[in-house]
Structures are given as structure tokens and as C-alpha cells.
Amino acid sequence: MKMKTEPELIQHILAGEWRNYAILVDKYQKKVFNYVNYLMGNREDAEEVTQDTFTKAYRSLGQFRGDAKFSTWLLRIAHFESLTRLRKKKPMETGIDHVVCFSENAIDNPQYMLQQRDKAKVLNLALNKLTPDERSVITLFYYEDLSIKEIVEVTKLKESNVKIHLHRGRKKLFGILSKMGIKEITYE
């Protein structure tokens, strides 16, 4: 049986075959959750926003024009759902209960996993001290490997603003990590 392309899946979903939506959810759930988790700063909020994102995307699927990748459109929804939730939250110190994703090979090496988890916790604490826009742009650029153009599509910021947030975010992140006594975080 031939796998359906994303446009074919979307057409089938719009035609009433709603079970095909599970294929898209399975494909992008981890990506959306990881992005939202970096923005939100805690797992519970990230799970709720991820669920809200997929619900909103399903309800709005008829508005997907196909001029951007589906993943970019989905991250745009996740981005705005996250920002809406962050604006409603009172500022508070966030915890370090972030999910850290590892390659399958790393699971066989507990010491490696602990080292990477510690690095990720420190980096996440520092990321949480950035503004939501800076954190979002940095997360999209470095964690989701999106280009500046794709970040513009997701965030609806102007290209110059994306570059400014990326520059300021990097600079602030370096300063925050330096204050924590960390000059460099490397991942193998």
C-alpha cells in the first residue's frame, strides 16, 4: 500500500476521513511538543498547548493553503498558542522539568544521558530568562533547524525583527550562561 503524501492526507481529512489526521499527529507531535516545551518552560503547560495546537489545526485545516510546509503552518499555530498562554501566565520562576530527547543509541549509555540531561537543564533555565520572542526565534533556529525565512512564516515577525531577536537572544543567552559560570555547552 502506497503512503499518502501530506497534501493527499489533508484532502482525505477535509473529505471527511478524519482518521487520517492521526497520521499527521504522529508525524509532528514530538516536534511540536519539543518546540512548545522550550517556550513554555514546563511539561504540563507544553502538553496542554500541544493538544490545543493539534485541535486548532484540525479545526482550521480548511484554511491551510499549502503555500508553506504543513510543519511550518503547524509550528505557527503552536507558536501563537504558546505566546497566548505565556501572556496569560503570571511571571514566575520556571522549573527544570523539561523533556530531553535523546537518540536511540544514547539510551544504552546512562552516563551520557545524565550528562546531556544536565546540559539541557542548564540551557533550558537560561532560555527561560529570555523574552518569549527571543526564546522562540532561538528555538526555531537552533532546535528546529528552520531558516530565517521559515521563522518569519511561523512567527509573522519581519525578517529584520527575527534577525534582531536572534542576535539579542544569543547575546543574552551567552551573558546568562556566563553568569552561571558556563563558558560553553557542547553536545556530542
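**View 1. Surface and overall make-up of the predicted protein chain.** The protein chain exposes about 11500 Å², of which carbon and sulfur atoms supply 53%. The model shown in this and the following views is predicted. Of the 188 residues in the protein chain, 44% are buried. The protein chain contains 8 helices and 0 strands, and reading along the sequence gives the pattern α-α-α-α-α-α-α-α. When contacts between residues at least 6 apart in sequence are considered, 67% of them join residues at least 24 apart.

**View 2. Packing of helix 2 with helix 4.** Two packed helices are described by the angle between their axes and the distance between the axes. Helix 2, which covers residues 21–40, and helix 4, which covers residues 70–88, have axes that come within 10 Å and cross at roughly 35°, and the crossing of helix 2 and helix 4 is right-handed. On the side of helix 2 the contact is made by Leu24, Tyr28, Lys31, Val32, Tyr35, Val36, Leu39 and Met40, while helix 4 contributes Phe70, Ser71, Leu74, Leu75, Ala78, His79, Ser82, Arg85 and Leu86. Sorted by class, the contact of helix 2 with helix 4 has 12 nonpolar, 3 polar and 2 charged residues.

**View 3. Packing of helix 7 with helix 8.** Helix 7 (residues 148–155) packs with helix 8 (residues 159–179) at an angle of about 105°, and their axes are 9 Å apart. Because angles of 65 to 115 degrees count as roughly perpendicular, helix 7 and helix 8 are described as roughly perpendicular to each other. Ile148, Ile151, Val152 and Thr155 of helix 7 make the contact with Glu159, Val162, Lys163 and Leu166 of helix 8. By class, this contact of helix 7 with helix 8 has 5 nonpolar, 1 polar and 2 charged residues.

View 4. Asp145 is found in the loop between helix 6, residues 132–143, and helix 7. Although Asp145 is not a glycine, its phi is positive, at about 55°. Asp145 has a relative accessible area of 62% and is therefore exposed, given that the class requires a value over 50%. Lys156, for its part, lies in the loop between helix 7 and helix 8, and has a positive phi of about 65° although Lys156 is not a glycine either. With a relative accessible area of 55%, Lys156 is likewise classed as exposed.

Note on methods
Residues numbered from 1 in each chain as written. Predicted model: local features only at pLDDT ≥ 70, side-chain atom pairs only at ≥ 80, totals over all residues. Heavy atoms only, no water. Axes fitted to C-alpha atoms, helices over the stretch in contact; angles between N-to-C directions. Helix = DSSP H or I, 4+ residues; strand = E, 2+ residues; numbered from the N terminus. Parallel < 35°, antiparallel > 145°, perpendicular 65-115°, else oblique. Contact = heavy atoms within 4.5 Å. Nonpolar A, V, L, I, M, F, W, Y, C, P; charged D, E, K, R; others polar. Buried < 20%, exposed > 50% of the residue type's maximum accessible area, 1.4 Å probe, protein only. Areas by Shrake-Rupley, 256 points an atom, 1.4 Å probe, with all protein chains shown as cover. Left-handed = near helix turned anticlockwise from the far one by under 90°.
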